[in-house]
Each structure stands twice: as C-alpha cells, then as structure tokens.
Amino acid sequence: MFNETLVIGGDGSVGETLARRLTHSSAVVLFLGEDEHAVERATAAGVDARLADPSETAALDREAIESMGTAIVASRTDRRNLLVAQLLGCRRTERVIALVNVPRNVDAFAAAGIEPVCAATTLASALARQRHDGKRPEIERQSEQAAGESSTEQSPKGSADGSERERLRSDGTGGDR
C-alpha cells in the first residue's frame, strides 16, 4: 500500500493550503501547482512543491506519480479537475479525490470513478446534521478553546474512520447507489 499523497493545486489556494496541512500532520506530500507564488509559499512552509501543469501528461510522467497512494485534485474549475483526475486514474493512483465546485457535477465525477468532494454539499450536510443532532461542530469547539474559552463539553468522536467513506450526491443526500 502506498502512503504518499499527491496534491494538485491548479490555479487556486485550496490545494496549497491542503498540502501544507497534510505535510504538517506528518503525511508525505508532493504538491504540484501552476501558480509560481503558491509553489513558493508551499515550499517555504516545508512542502515538497513543484511548478507543473498537471493537465499535461508529460508533467505527470516527469513526477513519477505512480508511487502516490492518494491524489487530490483541487483547482477552481470542475472541467480541469475532472480531466486531471481522469489522467491520474490512468496512472494506477490508488485513490483519486477531486474537488467539485458546482454541486450538479458530483454525479459526473462519481461516474468516472473519482471520489467527489463538493464543498457546498458537504457544508450543507454538516449543517443539517448539526441542526438535527443539536451539536456544535468540533472545529467550532477547537476555535473557542484556542481563543482561551474553557469548554466543558467533551469532543465527540467521529463515526467515520477512513474505511467508512460517504459519497455525497449533488442533491445533498449521502451514500452510494
């Protein structure tokens, strides 16, 4: 099993931020980005970052991405994310995850065998669960604690453990069909 993660940042800051956070959590990360400034910032933060156009097959071949266990594609455009994710899938990458910016495109990514992550749908589902459960999200509690507030509430343990991955559909419901 592979343990390295490839993060393709494309043209936005999501990939850069994700690469930095994964690197700081002891993951082995390679960040490919087209924005020279994003690559410089990631490098300065300790990320193995390289300037490359991931939609060019030669760039992917040059980086020897076959050793990557997980690839995350996170640019601002779904068309580009789908293309790059499909190119990665052709290179025996064990797991390909892609940011979906427009919720109606989730099914197209899933049909291509790519794990879609739609920020809008994920946020809506989390808010619905919060409203249903009456609980505040863990991140909110951590922010309060970091700001010096004392919280008597225990952190709930997440029910999803890496093996239980839920794919969110564009209509906001979860589960594979």
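Asp78 is part of helix H4, which covers residues 78–89. The model is predicted, and its chain has an average pLDDT of 77, with 71% of the residues scoring at least 70. Over residues 149–177 the pLDDT stays under 50, and for that stretch the model has 41 contacts beyond four places in sequence.

Asp78 is buried but forms no salt bridge. Arg104, the nearest side chain of opposite charge, is 7.6 Å away; a salt bridge would need the nitrogen within 4 Å of a carboxyl oxygen. A polar atom of the Asp78 side chain lies 3.0 Å from the backbone nitrogen of Val102. Leaving aside residues up to four places away in sequence, Asp78 touches Leu99, Val100, Asn101, Val102, Asn105 and Phe109.

**Salt bridges**

The count of salt bridges comes to 6.

Asp53 sits in the loop between strand S3 and helix H3, and Arg80 in helix H4, so their pairing ties together parts 27 residues apart in sequence. Asp53 counts as partly exposed because its relative accessibility is 21%. Arg95 in strand S5 and Glu115 in strand S6 link parts of the chain 20 residues apart. Glu115 is partly exposed, with a relative accessible area of 24%.

**Helix H6**

Helix H6 has 15 residues, 119–133, and at 1.5 Å a residue it should span 21 Å. Its end C-alpha atoms are 21 Å apart, which agrees. Just after H6, Gly134 has a positive phi of about 70 degrees.

Technical notes: Residues are numbered from 1 along each chain as its sequence is written. This is a predicted model: local features need pLDDT of at least 70, side-chain atom pairs count only at pLDDT 80 or more; totals for chains, interfaces and linings use all residues. Side-chain values use heavy atoms; hydrogens and water are left out. Helices (H or I, at least four residues) and strands (E, at least two) are DSSP runs, numbered from the N terminus. The expected span of a helix is 1.5 Å times one less than its number of residues. pLDDT is the predictor's confidence in each residue, from 0 to 100. Contact means heavy atoms within 4.5 Å. Buried means under 20% relative accessible area, exposed over 50%, partly exposed in between (1.4 Å probe, protein chains only). Lys and Arg count as positive and Asp and Glu as negative; His and the chain ends are not counted. A polar contact is a pair of N or O atoms within 3.5 Å; within protein, one must be able to donate a hydrogen and the other to accept it, and residues adjacent in sequence count only if both atoms are side-chain atoms.
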